[in-house]
Amino acid sequence: MGLGERGSWDKSESRYCGVETEFDDDVPHLLSFNLSSTGFDFVVAPLTDPTYRPSLLEADSGSSHVPPFAGSDLVLSPSQWSSHVVGKINSWIDLDSEDEIVRMDSETTLKQEIAWATHLSIQACLLPSPKGASCANYARCVNQILQGLSNMQLWLRIPLLKTDDDSLDVDSDNLMDSWELWNSFQLICEHHSQLLVALDILSTLPSVNAIGRWFGESVRVAIIHTDSFLTNARGYPCLSKSHQKLITGFFNNSVQMIISGKPLHNIPAETIGSTADHTDKNVNNVPRHPLKSYLDYVGYLYQRMEPLSEQERIELGYRDFLQAPLQPLMDNLEAQTYETFEKDSVKYLQYQRAISNALLDRVPDGETSAVTTVLMVVGAGRGPLVRASLQAAEETGRKLKVYAVEKNPNAVVTLHSLVKLEGWENIVTIVSCDMRLWNAPERTDILVSELLGSFGDNELSPECLDGAQRFLKQDGISIPSSYTSFIQPITASKLYNDVKSHKDLVHFETPYVVKLHSVARLAPTKPVFTFNHPDYSTKKSNQRYKKLQFEIPQDTGSAVVHGFAGYFDATLYKDVHLGIEPSMATPNMFSWFAIFFPLRQPISVRPGIPLEVHFWRCCGSTKVWYEWCVTSPRPSPIHNSNGRSYWVGL
């Protein structure tokens, strides 16, 4: 049934909510009571009787025995098992116990229950939280099981807990930061993509920064305990503002909810069925589910979320999807690529503003009829910047002569059609040539280009504009006039696993364009490389090197770095800028996603110990490439040495 829909586009998996139940060997009744009459979508139910211990059965009977499973596989259809049941591994198991009998019983039971769940085609099993800080044997056993699984996921239960040193509110022995426990477990299991987190939401939450780490981890479900709920004025359960924000954040990351615990709110009898939220006092004489009011509240939080904007709906399919950056110098772009970029009206409005301001500065009001400004669009594509330039001229009342230079012969065909259609033949001259090779008949007042990539210079804007700079008058204007790249360390479990799935070095040494979504940004961005145009310096080089240090905020706790997110910000002209650096990104612009530089091995970082990273922009005779490495808190290999895995062709 789900938590409701926020529109026909809403296909998020976070629409579904489950309920944690006790052991019940009447599974059909368990399903009908929790699903049919209530609105829960699945149950998290133990698969065997919690009193079961293999060693006790062996002591009672020397013959083979059948574990006390909750009914046979025939009591539900295969689709019911796979869609509506998550197997809950018995919580008593302790694979790191000092007691060998307990340890052996735990391992046997875990493997039996997973085998039974696999037989039932169950999609996921909930593993109990490790009993202490040491979980090596538990993780080793789970890793063994993961090697043999085909589709089933294992959800490791972890409490959302990070206490300050002076806090007394700690349930687990010496467990100060549960993220550390999860990180140890996933490291032992080699970041296996089928090992996910089931995060227990407790009544007290850690700091915003400490919580933020989890948004880059592979959290599959959040388990909300009934004792985490407050009581509103009408006696119904509700959540604190900080809990609401957390749950909404999880909804946005497609994390499903599970409600757990006994009902702790005595709903006034006369109010049940009196509002739109609570209308099932006795539907078909079925007793009201004791946790229905908690489910209603979670559904209310889901349905009141802001609907996605049209742009966000378009970008849904690109979230955390790795794409190779464009090679616009080596390759000719296709019509579909041009069309996508041309729809970005915000970008071209910024360009129009910059060109308008440049024209106003270039030509005084008293000389508008006498002066014709020469403007060259280098890399004109199918003409959006030509149109923006002519609109700027019309807006400012300045006369313009435009050269549209484009190397892609297919785009030139469209350019000719556009000029003829718009009647621009006397204003626009089309040049079918690489800007670096063209000999211009005259010098230009304004040089306009849109050669920027997600990292600013990664589509070779510096090299192209160096070649075109000779067209520019000594006092001429380049739009853009400068651009700077930025990076920041991120936790990005999904991106790391997607890169790792290729099982080769090349993919770990390739930067990817990606719409970042399920990531944790661990520190503010820092600038890397800056390029200015025009650049008349005599010892000009486009090679760059930068060493950067990032500090993880103290209240974050430890974190893992899977790579670096890259952005850019460009000054088009004076105060007109555009870019994607998060703190100053141009609103509603979609031409660029961030770029992701992966690390071959994730780096664990702690507050107070700087994360030191080095970035190089290297130039050869036929290609440009990046190299990167970490030197603190521990050294990593140099990535992409000599451009062996990734480069941009000149």
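Let me start with Met435, which sits in the loop that runs between strand 15, residues 428-432, and strand 16, residues 444-449, and please keep in mind throughout that what we are looking at is a predicted model. Is this methionine buried or exposed? Met435 has a relative accessibility of 7%, and because buried means under 20%, Met435 counts as buried. If we set aside residues up to four places away in sequence, Met435 touches Val378, Gly379, Val405, Leu451, Cys464, Gly467, Ala468, Arg470 and Phe471.

Now, why pick out this residue? The unreviewed UniProt entry gives the feature "binding site" at Tyr338, Lys347, Tyr348, Glu406, Asp434 and Met435. These positions are spread over 98 residues of sequence, and they are spread in space as well, with up to 23.8 Å between C-alpha atoms. Where do we find them in the model? Tyr338, Lys347, Tyr348, Glu406, Asp434 and Met435 are taken in by the lining of the largest pocket.

Let me turn to another residue of that set, Lys347, which is found in helix 12, covering residues 345-362. Lys347 has a relative accessibility of 3%, so it counts as buried. Which residues does Lys347 contact, once its neighbours within four places in sequence are left aside? They are Phe341, Glu450, Leu578, Met589, Ser591 and Trp592.

Key
Residues are numbered from 1 along each chain as its sequence is written. This is a predicted model: local features need pLDDT of at least 70, side-chain atom pairs count only at pLDDT 80 or more; totals for chains, interfaces and linings use all residues. Side-chain values use heavy atoms; hydrogens and water are left out. UniProt positions are given in the numbering used here, feature names are shortened, and annotations may be inferred rather than shown by experiment. On a 1 Å grid over the protein atoms alone, a cavity is a set of points where a 1.4 Å probe fits but cannot get out, and a pocket is an open set with protein on both sides within 12 Å along at least five of seven lines; lining residues have an atom within 4 Å of a point. Helices (H or I, at least four residues) and strands (E, at least two) are DSSP runs, numbered from the N terminus. Buried means under 20% relative accessible area, exposed over 50%, partly exposed in between (1.4 Å probe, protein chains only). Contact means heavy atoms within 4.5 Å.
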